[in-house]
Amino acid sequence: MTADMATFKKGMRQLAGGVTLITTSCEGVRCGLTATAVCSVSAAPPQLLVCVNKTASAHDPIGKSGIFAVNVLSTKHIALALRFSGQEGIDGDARFDEKSNWRTLTTGAPVLADALVNFDCKLINRVDVGTHTIYIGSIVDVAVSDGSPLIYADGLFVTPQAIAATG
Ligand SMILES: Cc1cc2nc3c(=O)[nH]c(=O)nc-3n(C[C@H](O)[C@H](O)[C@H](O)COP(=O)(O)O)c2cc1C
């Protein structure tokens with residue numbers, strides 16, 4: 001017996017999460033998705049995990065390329081979060097708009113230069129879990145900037161400032 005899926009989803013909406021873009025480059029083609037299911041796994045060695053829906057266009061390319069980056073978004077990146085969640089009807093490489101500064105670090109996965117953090121990862125393990133795959137990455141490079149993290153809660157993008165103002 002498992003819990004009702006709709007109630008599970010309703011419950012998960014109340015779990016506020018930092019918003020990221022998971023990006024990869026597979027055979028020269030970039031792709032990515034907006035994701036909150038990102039978690040630290042280990043500090044020594046540095047590892048993290050991401051949960052990616054098997055239906056997402058970036059799911060198979062991440063598995064095939066063996067590299068991915070996690071870009072932690074700031075409050076100025078709401079438009080990018082919408083674009084990479086497929087809500088603007090823009091797919092694949094076209095999501096990497098020319099207004100943003102994209103570069104690479106060590107693995108070759110595309111990273112957003114002005115993201116709060118770029119975790120540049122080599123895929124070291126994967127776990128098949130129903131609708132999603134857990135990809136575990138060894139962090140081979142990391143770049144950190146200052147700024148204010150973008151948060152997603154109860155179906156809305158919120159800022160720490162907004163929470164502080166009402167909390
Ligand atoms: C705030 C937010 C968080 C999301 N988090 C995840 C996530 O952790 N894992 C995931 O697989 N999809 C997540 N999604 C959905 C994907 O971004 C979206 O389904 C995907 O990009 C669409 O697939 P496509 O690339 O095939 O268009 C999230 C969407 C939003 C708006």
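These legends describe close-up views of a predicted model.

**View 1. The seven-stranded sheet.**
Seven strands form an open sheet in the order β3-β2-β6-β9-β10-β5-β4, and their pairing is antiparallel. Strands β3 and β4 (38-43) are the edge strands, each of them pairing on one side only. On average, neighbouring strands of this sheet are turned by 30° against each other, direction ignored. Strands of a sheet pair through backbone hydrogen bonds, either parallel or antiparallel.

**View 2. Strand β6 and its two partners.**
Strand β6 (residues 67-72) runs antiparallel to strand β9 (residues 117-129), and six bridges join the two. Two of the residue pairs can be followed here: Phe 68 has Cys 121 in β9 as its bridge partner, and Asn 71 has Asn 118 in β9. β6 also pairs with β2 in the antiparallel sense, over four bridges. There, Thr 23 stands opposite Ala 69 of β6.

**View 3. The two faces of β6.**
In a regular strand the side chains alternate between the two faces of the sheet. From β6, Ile 67, Ala 69 and Asn 71 point one way, while Phe 68, Val 70 and Val 72 point the other way. Are these residues buried or exposed? All are buried. Because six of the six residues of β6 are buried, the strand is largely enclosed by the rest of the structure.

**View 4. The largest nonpolar core.**
The largest nonpolar core has 32 residues, and Ile 22, Val 52, Phe 68, Leu 73 and Cys 121 touch the most other members. Elements that give two or more residues to this core include β2 (20-26), α3 (78-84), β8 (110-112) and β10 (132-144). Which element gives the largest share? It is β6, with five residues.

**View 5. The surroundings of Cys 121.**
Cys 121 is one of the core residues that touch the most other members. Leaving aside neighbours within four places in sequence, the contacts of Cys 121 include Ile 67, Phe 68, Ala 69 and Val 70. Leu 48 and Thr 107 are also among them, as are Gly 137, Ser 138, Ile 139 and Val 140. Of these contacts, Phe 68 is the bridge partner of Cys 121.

**View 6. The shell around the ligand.**
The ligand is surrounded by 16 residues, and the closest are Leu 33, Ala 35, Ala 37, Ser 57 and Gly 86. By type, the shell divides into ten nonpolar residues, six polar and no charged.

Val 41 lies in strand β4, an edge strand of the seven-stranded sheet. Val 41 has 16 C-beta neighbours inside 10 Å and therefore counts as partly exposed. Its contacts, apart from neighbours within four places in sequence, are Gln 47, Leu 48, Leu 49 and Ile 136. The C-alpha atoms of Val 41 and Thr 104 are separated by 23 Å, and the two residues are 63 residues apart along the chain.

The loop between β4 and β5 contains Pro 45. The peptide bond from Ala 44 to Pro 45 is cis, with omega near 5°.

**View 7. His 132 in strand β10.**
His 132 is found in strand β10. With 17 C-beta neighbours inside 10 Å, His 132 counts as partly exposed. Not counting residues up to four places away in sequence, His 132 touches Cys 51, Val 52, Asn 53 and Lys 54. From His 132 to Pro 160 is 28 residues in sequence and 29 Å in space, C-alpha to C-alpha.

**View 8. The three-stranded sheet.**
A further open sheet has three strands in the order β1-β11-β12, with antiparallel pairing. Its edge strands are β1 (17-18) and β12 (156-158). Two bridges pair β1 with strand β11 (residues 151-153) in the antiparallel sense. At one of these positions, the bridge partner of Gly 17 is Tyr 152 in β11.

**View 9. Two loop residues with positive phi.**
Glu 27 is placed in the loop between β2 and β3, and Asp 154 in the loop between β11 and β12. Neither residue is glycine, yet phi is near 50° at Glu 27 and near 55° at Asp 154. Glu 27 counts as exposed because it has 7 C-beta neighbours inside 10 Å. Asp 154, with 10 such neighbours inside 10 Å, also counts as exposed.

How values were computed. Residues are numbered from 1 along each chain as its sequence is written. This is a predicted model: local features need pLDDT of at least 70, side-chain atom pairs count only at pLDDT 80 or more; totals for chains, interfaces and linings use all residues. A residue is near a molecule or strand if its C-beta atom, placed from the backbone, lies within 6 Å of it. Ala, Val, Leu, Ile, Met, Phe, Trp, Tyr, Cys and Pro count as nonpolar, Asp, Glu, Lys and Arg as charged, and the others, Gly among them, as polar. Two strands pair if DSSP finds at least two bridges between them. Axes are lines fitted to C-alpha atoms, for helices over the stretch in contact, and angles run from 0 to 180 degrees between N-to-C directions. A nonpolar core is a set of buried Ala, Val, Leu, Ile, Met, Phe, Trp, Tyr and Cys residues joined through C-beta atoms within 7 Å. A residue is buried if 20 or more other C-beta atoms lie within 10 Å of its own, exposed if 12 or fewer, and partly exposed in between; C-beta atoms are placed from the backbone. Two residues are in contact if their C-beta atoms, placed from the backbone, lie within 7 Å.
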